[in-house]
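Subject: Structure handover

Hello,

Here is the structure for you to look at. My notes follow below it.

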Amino acid sequence: MDPEIHDIKDMYKRKPQNHQGNTPQGASSLHKAIAIVTTLLAVAYGVSPIDLSPDAIPVLGWLDDFGILSVALLNLAQQFTADQNSSMAKVLRYAKWIMVILCAIAILFLFGLVAAIVALITRL
């Protein structure tokens, strides 16, 4: 049975408990494991020759590698600092989502650039 909640603040302060009254530790380690695997996959993407944008394009070719790797590293840092320093984890979470938005904008710009080049070529 859940104890009675007297205030809305109490509801957010309570941690989930299992049947013995202990807080579950598996969720935190699962998130850390997923962050490690995601970072390893991002490193593999960075060194692989198959890319979303070819590395032959001087700046845009490296943006996807940098963006994916930086988002994965920010996520990894967020997961490992969440237990020790919650304010640092919040800053890392916001930085990660800002980086995701910037990467999405860069990818849309790249596809728009490719579409414009294809349109110019087909007119000739």
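Start with Ala95, which is found in helix H4. Helices here (H or I, at least four residues) and strands (E, at least two) are DSSP runs, numbered from the N terminus. Ala95 counts as partly exposed because its relative accessibility is 30%. The cut-offs: buried means under 20% relative accessible area, exposed over 50%, and partly exposed in between, with a 1.4 Å probe and protein chains only. The C-alpha atoms of Ala95 and Val71 are separated by 8.6 Å, and the two residues are 24 apart along the chain.

Some ground rules. This is a predicted model, in which local features need pLDDT of at least 70 and side-chain atom pairs count only at pLDDT 80 or more, while totals for chains, interfaces and linings use all residues. Residues are numbered from 1 along each chain as its sequence is written, and side-chain values use heavy atoms, with hydrogens and water left out.

Overall picture

The protein chain has four helices and zero strands. Along the sequence the pattern reads α-α-α-α. Of the 124 residues in the protein chain, 20% are buried. The chain exposes about 9,500 Å², and carbon and sulfur atoms supply 71% of that area. Accessible areas come from the Shrake-Rupley method with a 1.4 Å probe; for residues, only the protein chains shown count as cover. Contact means heavy atoms within 4.5 Å. Among contacts between residues at least 6 apart in sequence, 48% join residues at least 24 apart.

Lys32 lies in helix H2, residues 26–47. Lys32 counts as buried because its relative accessibility is 17%. Not counting residues up to four places away in sequence, Lys32 touches Gln79, Phe80 and Asp83.

Gln79 sits in helix H3, residues 60–81. At 18% relative accessibility, Gln79 is also buried.

Ser28 is partly exposed, because its relative accessible area is 25%. Ser28 and Phe80 are 52 residues apart in sequence, yet 9.2 Å apart in space, C-alpha to C-alpha.

The loop between H2 and H3

Leu52 lies in this loop. Its 43% relative accessibility makes Leu52 partly exposed. Leaving aside neighbours within four places in sequence, Leu52 is in contact with Tyr45, Asp64, Ile107 and Phe111. Leu52 and Ile107 are 55 residues apart along the chain, and their C-alpha atoms are separated by 8.5 Å.

Helix H4 and its surface

Ile101 lies in helix H4, residues 86–123. Ile101 also belongs to a nonpolar surface patch of about 530 Å², made by Tyr94, Ile98, Ile101, Leu102 and Ile105. Patches are made of residues with over 30% relative accessible area and no salt bridge; like charges are joined within 9 Å, nonpolar side chains (Val, Leu, Ile, Met, Phe, Trp, Tyr) within 5 Å. A salt bridge is a side-chain nitrogen of Lys or Arg within 4 Å of a carboxyl oxygen of Asp or Glu.

Best wishes
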